[in-house]
Each structure stands twice: as structure tokens, then as C-alpha cells.
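The structure comes first, and the notes follow it.

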Amino acid sequence: MIRRTLKLAWFKRNRYALTVVAIALSVAFIVSTLLLTTSISDVGEPLRSAYDNVDVVVTGPEVAGGDGPVQAISAPVPEAVVADLTRAGQMAVGFADPYAQVLTAEGQAGGQDQAAANVAEPWLGGSPLNGFAIVEGATPETVGEAVLDVSTANAASLDVGSTINFVTDLGVQEATLVGLATFGGADNDPYTSTILLSPEHQIFGSGDGFQRVLVADASVADVAAMAPGMEIQSGSDWVQSQQDALNDFLGFFSTFLTVFAVVAVVVGMVIVTNTFTVSLSQRTQELALLRLVGTTRRQLLSQVVLEAVLLGAVGTGIGLLLGLAGVSVLGWFLDVLGLVIERSSETSPTALAIGVIVGLGVTVVASVRPAWKSTEVAPIEALRSSEVDLVDGGGRRRFMTAATLAIGLASLAWGIAQSDILFTGVAIGAIFLALYLGADSLVRVAARMTRPILGRAGPTGTIASRNLEKNAGRTAAAASALMIGIALIGFFTLMAATIGQFIAGDAGEALETDLVVQGIGSQPEPALSDAVLEQIVGVDGVDVLVPLYQTSVSPAGDVEFERAGPGGGSGLGVALTDVEALDAAYTFVLNAGSLDDVGGSSVVIDQATADGFTLSVGDSLTVTSLAGPVDLGIAAIIETSLPGSPQPAIIGDLTLRAALGYGDPATAAYIVGPALASEVNDAIDLPTVEVVSRTDYIDGLSSNLDTILALVYALLAVAVLVALIGIANTVSLAISERVGEIAATRAAGASSRQIFWSLLAEFGLLAIVGIVSGLVFAWIAAASLFNALSGGQIGTPEVDVLTALLIVAAGLGGALIASWFPARSAATTDILDVLRAD
Amino acid sequence: MSDQTDQRNAPPATSSERTVARLVNATKRFGAGDAAVTALNDATIEFRKGEFTAVMGPSGSGKSTLMYCQSGLDRLTSGHAYIGDVDVSTLSDQELSVMRRSTLGFIFQSFHLVPALTSRENITLPVDLNADAEVDEAFLNELAVVLGIEHRLENLPSQLSGGQRQRVAVARAMIPRPEVIFADEPTGALDSKTSGELLAYLRTAVDDLGQTIVMVTHDAVAASHCDRVVYVQDGVLVDEGRNPTVDDVLGKIRELS
């Protein structure tokens, strides 16, 4: 039987070629995704190795949680804690993690691309708490000497012996690079660019306390007794929590990539099922003949499934090879987008094994139902010239469609009315299923509706329309596959637009500043010191300078609150500024209270925060800050807060800085006046700070979003590509069963061009059904989901007509290209080849 | 190559005014080298207006090739195929398409109707393909009545019997009032009664409408309905006769095979 199957499959190889490509692409996507995610999951390992000797870690109490866009902050560990521990004979070192951005020889902000933080650490020499080890050159002995981690030195092209510059809160510092160090055996502390300086360096002498204190040869209990009010963890627990935090961050990408890989697999499965259904329908006579000569149903089923295994094996094999190459492509793409993720070059056998299981599994599962149905073909069919349609059609399918649609619409109505996430989820799932099941009906309706238009092109137009209607059961799966891809693209576009609107929309429009001064990139935020601010004021044309000090607090106690959009989460963004001056740079829409009353602990909140906490003017809100609990009085409520991510929930006066324990320099500043950005830039002369126009600033706010969106598009492009292969496949299969008809039309005088356009019109229309239903579904899903997630605060997403048209054009263009070659080859087939075959 | 160019530029061979189609020194070879088969070997023949001609011969004699080359569906290796005064070998695909829809009609053994179109749409297909042409409704109705398919015009081919399908195919061939209709074993898939009716109709079309029909067949009864029968053997026209009887034809076929 295997020989016969091989022979039959080889005979149909052209028919199956595109299916193999679809399987290969799906497998390649999932394999490369898995390989990438497994390679990035071990980056926390250097931490364990570097902090091997750390027994206890002391950190300050958490002030604001890190859920959502608000950055987590903890209170510092007072320097006295280290002094007390040392006095008691413990080996303890405090790390303040002061900001230090290394500059390249050209004076640009350099360093590793993937560094989320740029910090200075004291060189601890032979201390067991030193996570770094010199691999080249010497140790930093004096304040004028520095050591860099290997990655940073490489990225900034700095050699041992050269003079290096680095930007700190104290201004630009200079040092001689005396050595290079590794961290726990790796080239750098994960996601951190580190400059190691002598502990005597003034950068370590701020007296503001430490981010963490590492203690060796001590027990948690002993340390806890000497550091009341602090968070005390064992070294291994702390390392684990750091690893978990890193893996949480990376886990987002893993999940993200896996979801899209699964989408590609689902689309691939739809196509494989369809290919088997159509191809088996076309082989009715062959199958019936096998039954006629005595093949049992079981034998026939085995043969067809074996064929699927064969296809799956070929597709999977190609997919694995493509997947191995795909990891580099995926990694390169993440690099291009600036989402640099450290990864090892190991190839996980598990990932390859999953690829094999998925590839073979999907093909076999997709073939079973059509295979089973094909065995129901009666032997008598061999003697008839008709073919038996194996597509599930007719009443049962229509009933299922109507039922799921009814469930979907009812859940949708309830979900919208109650802003209920469960019902909304059910609605989205059911409507999607209804669209999938009812795709053939949609195709039929589209064929009928467009018949008058297509009919104008003559009988070939009518033929296109009739064929589309007649074969809807078989071809609709191609439209469904395209629908899935387009729906996801549409959904993410709407989501990005809505979030973008939150980040930069109304708030961005209300911003009237001419220029914005901000730090470039990393954490801790490159700061604008008082000296820098003074330099800016001195520039010609700077009429008003509004410095912003951004921090976060958390609501004290068990206060329940919900705040729609960015700025939510367990922390609250705070912007401290000269509120009176801010009036010149930002148009406040005052909903209640008066800005004149703002000052001291009286603050402005935006309407979203007021709604979230049910606060009115005159009420007070207790928050936990770096300086402990603080009561804030509500002096005014404004419609929209300042633009930003997080969007500040609270705007307070500069005088509140001390009360909140905020001692750092400003994080950004608005400039009102005709000053030139270049002149302000020159006056500041810091490579880590940039001056941008209002427009660039607002665009920049959503640039992270654009990056993510670009990644989503690229990942979905694979799914859409698989769907387009499905279209090409459907066209090929449809044409192969219509050679007789095409020859007859040609014999009656239709030119090959007329046949070609007729086929293109037919499959273009099919693609349009998929694209339009995808977009409509995306809109329904986005609108209802946003409504449910925001508790009704976010209205219907705005549709950018241009973007929608672009998606339609791109989808249709892809579908036409996919149809082009099979249609062309069918249109130019020699009529006689067909007639002679009779 | 130069041989072909010379042939293309050659003046039309002499013909009477009544000639609607002719082959001049027509040769058609398939394959190359040892495997080459000569299906048509220097054949010259004329088909005259208003004449019903049967082309007969044993299997593989080249009778279908003769028809395909004459109608422009296939190209000659050498020689000329004229429809009227037009050498079909000089026409582009587009020009051939236009000729098929306006000057020629085809009837095939297995009908070759377009499944997606109704009988009426199948019949009017050649006219509809011409953007400028209008269907002659009166003629369509007349054809439908004569062929007995007037109540079947809105049905799809799948709803018709074999005989009805072939009558739709005949109407489709007739509708553009072509110069010549080529029929390739038109009764091959029909029973004797239905065959008889179809042949009677073709005879009527020739007698009443002056239609020219070239029919490839191996059926002596079918050939007996014709004005003229030509015999092909090994790609060569070996004989022809006029007003053949079934016995004449059977005798000749026996002689040839």
C-alpha cells in the first residue's frame, strides 16, 4: 500500500506542492519561534554565578508597584544600615546604582544596545561580593581609572588605555579605561551597561542611600534584626526574583511570538484541510474505482492518511530547515526594531521535536475528516462522470452558522451593555466561528451581489460569478484563512491606534509648548540637573521653562481603583512642576476646582483618576511615597493629564518634592518661546539629552507602540503569507477541475485574456470577502473588547479609512499575485490538450 | 524556417467562390526524430459553402487532426489552412479567438458546455463574448424550437440529458451564423434515436439555412446524412464520394482498414 500511496501522491505532486509550502512555513515559524524563546530564557544565569557568595540582600520597602506602565520604585536603604552591619562585623556593600552613561570616542551615547540601565558600580576588588572579574588590563585603583564590562567596551569601541567620558548626574566625567571585566562569566550584567570605578569616586557619595545592600557570611535573621523596616531576602531568593523579573520581561516576548506562530499554524491547518477536501472531491472516481475493485474503507482511509503523513513529513522537513534559518531572521528583525534580546546560540532539540509533532500532527489531523468522508464514496461513482462534494455543506452547516451567530450577537449585546469581559470574549469567539462556518454563504452572497457588475464584462464575468457561487463550499476556506490574518492585523492596528490616542491624543493636542527637553533612552533616566536648567534659561528665545520631575507613588492601604488606559496599574504616575508656568505650555480643561489652589500638598488630578478613586475637589488621597505616607488634597480636576507614558495621574507643585522624598534632578522640561532647538541643544551640550519639537515629542511618545506594531505586522505577515498560499492553492485546484469548461469557453471564442481576467475577478472577489469580513470582525472585536476592558470608558475605536484601505489593497494585491500564475497558466492551456483527452 | 516563411507569403491557391475552408499541402507532424508521427501528410482539400461533409477514416488516420488544423485549433507543421481567404496560421491567439466566436462553430463528442452557465447563456456565449454583437433573439428562439430545447433554456447543463446537452451545443455552434461548423464525432455519446434526430437537424441546417458543416465521424449512418464523404488514411486523403449510402461507406471503410 505504501508503494501505491507514494505513486499516487507523486502523480498529484503539483497539486500538493503549495500545501507542502504552507506546512513548511507554519512549521518554520513555530520552530524558529521556539528556538528563539528557548535561547533567551537562560540570560539570568550569570546572576546566580556572580552572586554565588551573597547570603543576604537588603532592599528598601516598595513604594510603587511595577505593574502596568508605571515604573516600580522602592525606598532607598539608608547608608546607616551598611555602617551598622559593618560595625557588627558583617561583610556588607551597598549599591546606589548611580546613572553613568559611557560615551563613545566620538562623544555619542554609546554602550550596549540592549542595556536597559546605565550604571556605575564601585570596584570591590577581591571581596566575595564582587560579581565582576577582570579579563583584560588592571583594576581601577584611583578615581581617575575605570573598568567597563566587555559588552559596553565593545559596543562603544573603547580600548584599554584610552580616555573615556561618561555622563552622570554630576555632569560629564573623565577617566582612563584600565581594564575590562566580565559579570558572572558573561560579557555583562544582564540588560545593564556597567562602569566600575574606585569606591572613592564622588559619584558614590550622594548620601541618598542604596538600591540594595549585599551581605556575605550572614543569616537573614541576623541582618533583619539590624535593618528594621527593610526587605530582607536570602541571596538565592533575591537572585531568583531578579531572574524571574527578567524572565517575566522575556516571557512577554516568548508568549507574543508563540501566539503568532500558533496563528500561522491554525491558518496552515485550515488550508491543509481544504486542500484535502477539494483534492479528494476531485478524485471521487479514482477513490470509487479503488472501492469498486475491492478496497475496504479502512484501506482507503489508511491510504489517504498515509498520503497526509507523507506530505506532512516533506513539509515538516523543509520547515525545520527554514526554521533554523528563521531564528536568525527573527533575531535580526528584533534587533532592527530595537527590541534587542540577549540570546544563546544553542539549538534546542525540544523545539525541533515540537516542530516535527506540529507539522505531522497538523497535516494528519487536517486530513482525517476529509479522508473519512471520502471513504463514504459509493463504488458506483466510478461509473459516473460526476464528482461527490466532500465539503460539509447544506443545512447542517447553515444551522450551525446561524446558531453560533445568534449566540455571538446575544453575548455581544449583553457584553457591551454590561461591559462584561466574559460575555464579550464568548461573543468574539462565537462571531469568529460563525464567520468561519458561514464563509461559504458570504461568498455566495458576494457572488450574487456583484453579478450585475461582473456580468457587464460579458459572459466570462458571469462565468466568474457563477463559479464563485457554485464552488463557494470549496473555496470559502481560502477566504477564511485570509480572514484570520486580516482580522488580527486589523485588531492590532485598532488597538495601537486606541492606545496611541491615549498616550498622545487629546493630551498631545493640549500641549502648547514649543520645545521639549528629554533624556535619551535608558534607566535611570538621564537627568536635567539644576545647572542644565539654568543653561537653558539663558538661551535666547526661551520665554518660559517648565521643568518636570516625574516619579510614582501608590495609593496607601487597600484602596480599590481603576484607571482606564496608560497610567493604570498598581502605581500612580506623578509629575511635579511649576503649575503656574505649566499653564503657558499646556491647555488645561478644568472640570472642577481652581489651579490657583494648587501648592504644597494640594494637587491636580485628571478626570480618569477622579473617576477611578471617586474623588471630588476638597477630598484627600493618601499615597505612599519615598518619604512615607502623604495626604494629598484635591485642589482641581482636569479633563486630561499631561501626555506621557505613564500619563501622570497626579500633577503637583514643586514644593511637593520634599514631601514625597524626591531628591533627583528634573526628568524633562517644556520650553515656550521662539528658541531654536539646535541652540538649546548646544547650550546643554549633553549627548544623553535631546531637545525636540512638540510634534516630534508627541510622535516619540508612541514610538514604542509603533515598534511593537511593526513586530506584530511582521509576524502576522507570515500568517497572511500562508493564507495567500492557500488562495494560490485554491485557484490551482479550482482550475484543475475546470480545464474542460475553460477549453469549451475558449473553443467558443473566448480569448486567453478574457479567461485570465475572469479567473482573476473570481478569486479577487473571494479574497475581498475574506479581507472585508476580517476587518469587520476586527472592528467588532476591538470595540467590544476595549469597552469591556475599560469598563465602558473607551468608546468605539476610530477607523482610519486610509489604513483600512491600505490593508484591503495589500490583501487584495497579495491575493491577485497569488492567483496570477495559476490563472495565467490555465488561460493559456492548449484547448486541444483538453479536447484530445476526451 | 525559410520554408515556412515562403509558405506564409505564398498566394492563396486557386479556389472557387463557393469555397469556405481549405487545406493546401497541409502536413502535421507530432514529435521529432524516430518518434515522429505524421498525422497529416501533404493534404489538400476544399470545403464548399452549404455542403455537409463527413471526414472518415480508421482510428489514427488523421481525420481529427485535419479538422483541428483546418479550424485553427492546431497549427500545421507546413502548408496552409484557410478559412475564407484568411490563412489561420498567420493569426494571433486573439485573432483566432475572434474567428472562433464569429466565423466558426464547434460541436464536440462530449458536449463541452460551461457548467456554470444556463442553456441560454451557453448558446449565446460566442455572441456575448463579442462586446459589439447583439444576440438575435428571434434566431435563438427559432433554433431552440427547431432543436426542441425551448423549455430547457434556463436550465443548467447538469439538469439536461445527453441529447439535450448536445442540442444546446449545436445551437451554440449555430448562433453566430458561422461560415462553417466543425463537428467532432457529435453523435459519439448519443443513442441511435437521439443521433438520428441530431443528424436530421444538421441536415436541415444545411438545406434550409445554407450552413456549411464539416463532421468527423466513424459512424457510417452519420456519414450517410452528408452530401460528401472524404476518406483519410495515414494522413492522406485517399478517396471521396458524393451522396453516400450506408453501404457505400461501410464498404469503403472495410476496404481501408
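## Interface of chains A and B

In this predicted model, 27 residues of chain A are in contact with 25 residues of chain B. The two chains bury about 2,200 Å² between them, and carbon and sulfur atoms account for 60% of that area. On the chain A side, the residues that lose the most area to chain B are Pro459(A), Arg466(A) and Ala748(A), which together make up 22% of what that side buries. The size of an interface is often given in this way, as the accessible area lost when the parts come together.

## Polar pairs across the interface

The rule finds 2 salt bridges across the interface of chain A and chain B. One of them joins Arg746(A) to Asp93(B), with the closest N and O atoms 3.0 Å apart. Between chain A and chain B, 8 residue pairs are in polar contact, counting pairs in which both residues are at pLDDT 80 or more.

Four helices of chain A each give two or more residues to the side that touches chain B: α14 (459-470), α23 (739-747), α24 (752-789) and α26 (831-836). Of these, α14(A) gives the most, with 7 residues. By residue class, the side of chain A that touches chain B divides into 9 nonpolar, 10 polar and 8 charged residues.

## Nonpolar surface patch

Chain A also carries a nonpolar surface patch of about 710 Å². Its members are Ile407(A), Trp414(A), Ile421(A), Leu422(A), Phe423(A), Val426(A) and Leu789(A). The elements that give two or more residues to the patch are α11 (394-418) and α12 (421-437) of chain A.

Which helix gives the most residues to the nonpolar patch? That is α12(A), with 4 residues; Val426(A) is found in this helix.

## Salt bridges in the whole structure

Over all chains, a search of the whole structure finds 23 salt bridges. Side chains of opposite charge can pair when their charged atoms come close. In chain A, the side chains of Arg451(A) and Glu469(A) meet in a salt bridge with an N to O distance of 2.4 Å. This pair links distant parts of the chain, 18 residues apart: Arg451(A) lies in helix α13 (residues 439-455) and Glu469(A) in helix α14 of chain A. Helix α14(A) is also the element that gives the most residues to the side of chain A that touches chain B.

Notes: Residues are numbered from 1 along each chain as its sequence is written. Chains are lettered from A and ligands numbered from 1 in the order in which they are written. This is a predicted model: local features need pLDDT of at least 70, side-chain atom pairs count only at pLDDT 80 or more; totals for chains, interfaces and linings use all residues. Side-chain values use heavy atoms; hydrogens and water are left out. Contact means heavy atoms within 4.5 Å. Buried area is the accessible area (1.4 Å probe) that two parts lose on being put together, summed over both. A salt bridge is a side-chain nitrogen of Lys or Arg within 4 Å of a carboxyl oxygen of Asp or Glu. A polar contact is a pair of N or O atoms within 3.5 Å; within protein, one must be able to donate a hydrogen and the other to accept it, and residues adjacent in sequence count only if both atoms are side-chain atoms. Ala, Val, Leu, Ile, Met, Phe, Trp, Tyr, Cys and Pro count as nonpolar, Asp, Glu, Lys and Arg as charged, and the others, Gly among them, as polar. Patches are made of residues with over 30% relative accessible area and no salt bridge: like charges are joined within 9 Å, nonpolar side chains (Val, Leu, Ile, Met, Phe, Trp, Tyr) within 5 Å. Accessible areas come from the Shrake-Rupley method with a 1.4 Å probe; for residues, only the protein chains shown count as cover.
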